[in-house]
Amino acid sequence: MSIWSFANPTRFMAVTARLTPALGALAAVLLVIGLGWGFFFTPDDYRQGATVKIIYLHVPAALFAINAWFMMLVASLIWLIRRHHVSALAARAAAPVGITMTLIALVTGAVWGQPMWGTWWAWDPRLTSFLILCLFYVGYIALWEAIEDPDTAADLTSVLCLVGSVFAVLSRYAVNFWNQGLHQGASLSLDTEENVADVFYYPLLVCIGGFAALFVALVLLRTRTEIRVRRLHALRLRERMADA
Amino acid sequence: MRDLALAVRSGGGFGLGLVFFLIVTVLVPFGVGPETARLAPIAPGILWVGALLACLLSLDRIFALDREDGALDLLATAPIPLEGLTLAKAAAHWLTTGLPISIAAAPLGVFLSLPWPGHLWLSLSLLVGTPALSLIGCFGAALTVGLRRGGLLLSVLVLPLYIPTLVFGADVARRGAEGLDAATPLALLGAVTLGCLAGLPFAAAAALRVSLR
C-alpha cells in the first residue's frame with residue numbers, strides 16, 4: 001500500500017472520518033496545556049513583562065502561516081503531476097486556514113509591537129514579507145472563487161501557487177535589501193545554541209504541537225467539506241439529468 | 001506586429017498608460033506641496049509607482065480583445081508555440097507602455113525636482129525593470145483571460161508579484177538620485193527581469209492552455 005491510495009476520495013473520507021476528531025481533540029488538549037502553562041505558569045520576562053506571553057500565539061501562527069503555503073505548493077504539484085482531485089481540494093482547503101494564521105501572526109505582532117517598539121507597524125523585512133504573503137493568499141483564494149469550472153480553477157490556482165512561491169521567496173529577499181530590521185532573529189531553532197530560556201521554551205513547543213494538530217485537523221475538515229460539496233453537486237446534476 | 005499596429009492605431013492602450021503616468025506625476029506635487037526639499041526624496045518612488053500603475057492599467061487588454069473576437073483560438077492553433085505567443089504579447093505590451101514610460105520618465109522627473117544624475121538612473125532602471133512588469137502582467141492576464149470580470153482580480157493577483165521589481169527598481173533610482181552606487185540593485189533588477197523572461201512565458205502559456213480548453 002502506498003500513500004497514493006489516500007488519493008481515492010472514498011478511502012480518504014473513511015480514514016479522515018476517524019482521524020479528524022482525534023486530531024481536533026489532540027489540538028484542544030495541547031493548546032489548553034500549552035497556552036495555560038504559557039499564560040499562567042511562566043514568569044514575566046525581566047524586560048518585556050507580561051507581553052512576552054504573546055509569543056505562545058505569535059510564533060506558532062507565523063510558523064504555520066508559512067507551512068500552509070508550503071503545503072499548498074506540494075498539493076498543487078501533486079495535482080499538476082498526478083491529477084488527484086483530493087490534492088487540489090486540500091490545497092483549496094488550506095488557503096483560508098493559512099490566511100487566518102497569517103492574520104493572527106500580524107495582529108498579535110502588532111499588539112506586541114505597540115508596547116515594545118512603540119509602534120503598531122514598521123516596514124521591517126519580516127513584517128513586510130508577511131503582509132506580502134497575506135496578499136498572495138488573498139489572490140489565490142480570489143482566483144479559486146472566480147472560476148466556475150473546478151478543474152480549470154484547480155489548474156490555474158496551481159500554476160499561480162508555483163509562480164507565487166518563487167515570487168514570495170524573492171520578495172522576502174528583496175525587502176531584506178532595505179536592511180532595517182526591528183524584528184528580532186529566530187528565537188528558537190534546532191541548530192543554534194541561542195534560544196529562548198527553557199521556562200518559555202517547553203510551553204512554546206507544546207503550543208507549536210497544538211497548532212500543528214489544529215492546522216491538520218482544520219485542513220482535513222475543510223477538505224472533507226469540499227469533497228462533500230463536490231459530491232452534492234454531482235448528485236444534483238444527476239437528478240436534473242434524470243428529470244429532463 | 002499586429003498588436004503593435006492595433007495598439008498604436010486604436011490609441012487606447014498606447015496613449016492611456018502614458019497619459020496616466022503623466023497625470024500621476026503632475027498630481028503628486030498638488031497633493032504633497034511644491035517644495036523641492038519635499039519632492040526630491042520621494043520623486044524616484046513616485047515615478048516608479050506611477051509607471052507600475054500605468055502598466056497595470058493596460059494589462060487586461062493583452063488577451064481580452066483577442067479572446068472576444070476569437071483570434072486567440074486561431075493563434076493557439078497556429079504553428080508557433082504558445083510560449084512564443086505570450087512572449088510576443090509581452091514584448092508588444094512593453095513596447096507600447098514600458099518603453100514610452102521609460103523615455104518619458106526622465107523629462108517628467110523635472111516636475112518632481114529630481115536631482116540631475118537621477119534622471120539617467122531612473123530611465124535606466126525603468127528600461128531594465130519594465131520588461132519584468134510586462135511579463136508578469138502577461139502571466140496574470142493569461143490566468144484571468146477566461147473570466148468575464150477579470151480586471152480587479154488581475155490587479156489583486158499581479159500586485160504582490162510586482163513587489164520585488166518595484167523594490168529593486170525604486171532603489172536603483174533612489175540611489176542614483178542621491179549619487180550613491182546603484183550597481184548592486186541594478187544587477188538584482190536585471191536578474192529579476194531575466195528570470196521572468198526565462199520562466200514566465202512557460203507559466204503564462206500553461207495558464208492559456210487551461211483557459212482555452
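Which residues in H3(B) meet which residues in H7(B)? The legends below take up this contact and other close-ups of a predicted model.

**View 1. Helices H3(B) and H7(B) pack against each other.**
H3 spans residues 36–57 of chain B, and H7 spans residues 117–144 of chain B. From H3(B) come B:Pro44, B:Leu47, B:Ala51, B:Leu52 and B:Cys55. They meet B:Gly118, B:Leu122, B:Leu126, B:Thr130, B:Leu133, B:Ser134 and B:Gly137 in H7(B). By class, the residues of this contact are eight nonpolar, four polar and no charged. The axes lie 10 Å apart, at an angle of about 30°. Angles under 35 degrees count as roughly parallel, so H3(B) and H7(B) are roughly parallel to each other. H3(B) passes H7(B) in a right-handed crossing.

**View 2. Helix H7(B) also packs with helix H9(B).**
H9 covers residues 183–212 of chain B. Its axis and that of H7(B) come within 8 Å. They cross at roughly 20°, and H7(B) and H9(B) are therefore roughly parallel to each other. The crossing of H7(B) and H9(B) is left-handed. The contact of H7(B) with H9(B) holds 19 nonpolar, five polar and no charged residues.

**View 3. Chain B carries annotated transmembrane regions.**
An unreviewed UniProt entry gives the annotation "transmembrane region" to residues 12–33, 39–59, 94–114, 120–145, 152–170 and 182–208 of chain B. Two of these stretches are described here. Residues 39–59 of chain B are 90% helix and 0% strand. The C-alpha atoms at the ends of that stretch are 29 Å apart. Residues 94–114 of chain B are 86% helix and 0% strand. Here the end C-alpha atoms are 25 Å apart.

**View 4. Chain A has its own annotated transmembrane regions.**
In chain A, UniProt (unreviewed entry) places "transmembrane region" at residues 21–42, 54–81, 93–115, 127–147, 159–179 and 199–221. Over residues 21–42 of chain A, the chain is 91% helix and 0% strand. The ends of that stretch have C-alpha atoms 30 Å apart.

**View 5. Chain A and chain B meet at a contact.**
Chain A supplies 21 residues and chain B supplies 19 residues. On the side of chain A that touches chain B, the elements giving two or more residues are helix H4 (125–146) and helix H5 (150–176) of chain A. H5(A) gives the most, with 11 residues. By class, this side of chain A has 17 nonpolar, three polar and one charged residues.

The model has an ipTM of 0.78 and a pTM of 0.82. The mean pLDDT of chain B is 80, with 93% of its residues at 70 or more. Chain A averages a pLDDT of 81, and 86% of the residues score at least 70. Over residues 189–194 of chain A, the pLDDT is below 50. Beyond near neighbours in sequence, this stretch has zero contacts in the model. Where pLDDT is low, the predicted coordinates should not be read in detail.

Conventions: Residues are numbered from 1 along each chain as its sequence is written. Chains are lettered from A and ligands numbered from 1 in the order in which they are written. This is a predicted model: local features need pLDDT of at least 70, side-chain atom pairs count only at pLDDT 80 or more; totals for chains, interfaces and linings use all residues. UniProt positions are given in the numbering used here, feature names are shortened, and annotations may be inferred rather than shown by experiment. Helices (H or I, at least four residues) and strands (E, at least two) are DSSP runs, numbered from the N terminus. Axes are lines fitted to C-alpha atoms, for helices over the stretch in contact, and angles run from 0 to 180 degrees between N-to-C directions. Angles under 35 degrees count as roughly parallel, over 145 as roughly antiparallel, 65 to 115 as roughly perpendicular and the rest as oblique. A crossing is left-handed if the near helix is turned anticlockwise from the far one by less than a right angle, and right-handed if clockwise. Two residues are in contact if their C-beta atoms, placed from the backbone, lie within 7 Å. Ala, Val, Leu, Ile, Met, Phe, Trp, Tyr, Cys and Pro count as nonpolar, Asp, Glu, Lys and Arg as charged, and the others, Gly among them, as polar. pLDDT is the predictor's confidence in each residue, from 0 to 100.
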